Amino acid sequence: MLENSYIVWEGASLLDSSPIFLVLTGFVFPSSNRKTGRFMLQSWILQQKFVPTFAAKEGRDFGVCGNCPLKMSNINSCYVNLLPVNNIYRKYAAGTYPKFGANEIAILERYRYLIRIGSYGDPTAVPFEVWEPLILASNKWTGYTHQWSHTKTDPRWKKYLMASVQTQAEARVAQNQGWRTFRIIAPEAPLNENEILCRHTEDDRVRCDECRLCDGNSSKPNIADRIHGLNWKVSNFIKYVNQQ
Ligand code: SF4
């Protein structure tokens with residue numbers, strides 16, 4: 001019987017060797033995420049030993065977030081609400097998730113579920129060889145990494161992920177290295193000439209599951225999106241970009 005969620009992988013983070021895991025959710029119950037859309041599998045990369053809110057507050061999240069500037073122990077403007085993510089952790093800790101295997105890959109391939117690569121946690125913390133069969137079976141995805149400048153990041157990720165950047169200078173560096181970029185910008189900031197605004201921000205009837213512009217290297221334009229979320233997170237972000 002098809003389950004809603006599966007544990008795909010457990011092992012040592014490629015970012016710091018701490019024990020982490022990868023869970024996929026949404027095979028049965030559609031996602032309630034208004035931006036990504038109902039029919040997109042979500043993927044969660046979490047520390048094995050820490051509840052996500054604790055890991056974020058205490059800066060014990062390097063194994064899944066690396067040096068992301070947005071995380072709580074840095075500028076604290078990450079848009080992910082960690083309370084529901086705690087529930088995923090608790091179900092994992094209780095051993096309730098079945099293992100993802102060949103049958104589930106076949107289902108992914110047959111029904112072409114879309115995947116959001118890294119709903120929380122950086123995809124590059126998990127070996128590329130774990131992800132690629134899922135991506136190829138799905139054939140439709142979106143994904144982002146803040147680890148694009150990390151020397152250990154597997155360059156094959158350029159094919160599938162957007163480089164998450166915060167400034168024009170970072171965007172130029174990433175693009176020169178062969179990444180397409182996804183740049184978070186302050187609410188009134190202008191776009192670069194080689195960027196377009198996220199389609200959902202332009203028109204909130206558009207969802208990632210139809211748009212899929214954020215799917216790595218190609219001739220598609222780079223994307224920028226206005227920071228959104230709680231006012232204090234937006235304000236933390238604006239302070240940060242103004243200092244760059
Ligand atoms: S540009 Fe498209 S795929 Fe990228 S975040 Fe916006 S709606 Fe989603």
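By class, how many residues of the shell around the ligand are nonpolar, polar and charged? There are 7 nonpolar, 2 polar and 2 charged ones. Keep in mind as you click around that this is a predicted model.

**Stop 1: the ligand.** Select Thr142, Cys198, Arg199, His200, Val206, Cys208, Cys211, Arg212, Leu213, Cys214 and Ile223, and you have the residues that surround the ligand. Now colour helix H7 (199-202) and helix H8 (208-211): each of them supplies at least two residues of that shell.

**Stop 2: the sheet.** Switch to a cartoon view and look for an open sheet of 9 strands with mixed pairing. Trace the strands in the order S1-S2-S3-S4-S5-S6-S7-S9-S8. From one strand to the next, the twist averages 25°.

Next, zoom in on strand S6 (residues 162-165) and strand S7 (residues 181-185), which pair in the parallel sense over 3 bridges. Pick Val165 and look across: Arg183 in S7 stands opposite.

**Stop 3: two helices.** Select helix H5 (residues 128-138). H5 lies across S1, strand S2 (19-25), strand S4 (114-120) and strand S5 (141-145), and runs at about 145° to S4. Where do they touch? Show Ile105, Leu108 and Glu109 in H4, which meet Pro133, Leu134, Ala137 and Ser138 in H5. By class, this contact has 5 nonpolar, 1 polar and 1 charged residues.

**Stop 4: the core.** The largest nonpolar core has 55 residues. Val23, Trp44, Ile45, Leu46, Ile115, Ala125 and Met162 are the ones with the most contacts inside it. Click on Val23: leaving aside neighbours within four places in sequence, its contacts include Ser5, Tyr6, Ile7, Val8 and Trp44.

Stop 5: Most residues other than glycine have a negative phi. Ser17 isn't a glycine, yet its phi is positive, at about 70°. You'll find Ser17 in the loop between S1 and S2. Is Ser17 buried or exposed? Ser17 is exposed, because 10 other C-beta atoms lie within 10 Å and 12 or fewer counts as exposed.

Finish at Asn76, also not a glycine, with a positive phi of about 60°. Asn76 sits in the loop between helix H2 (62-65) and helix H3 (82-93). With 16 other C-beta atoms within 10 Å, Asn76 is partly exposed.

Notes:
Residues numbered from 1 in each chain as written. Predicted model: local features only at pLDDT ≥ 70, side-chain atom pairs only at ≥ 80, totals over all residues. Core = buried A, V, L, I, M, F, W, Y, C linked by C-beta atoms within 7 Å. Buried ≥ 20, exposed ≤ 12 C-beta atoms within 10 Å, placed from the backbone. Contact = placed C-beta atoms within 7 Å. Near = placed C-beta within 6 Å. Helix = DSSP H or I, 4+ residues; strand = E, 2+ residues; numbered from the N terminus. Nonpolar A, V, L, I, M, F, W, Y, C, P; charged D, E, K, R; others polar. Pairing = 2+ DSSP bridges. Axes fitted to C-alpha atoms, helices over the stretch in contact; angles between N-to-C directions.
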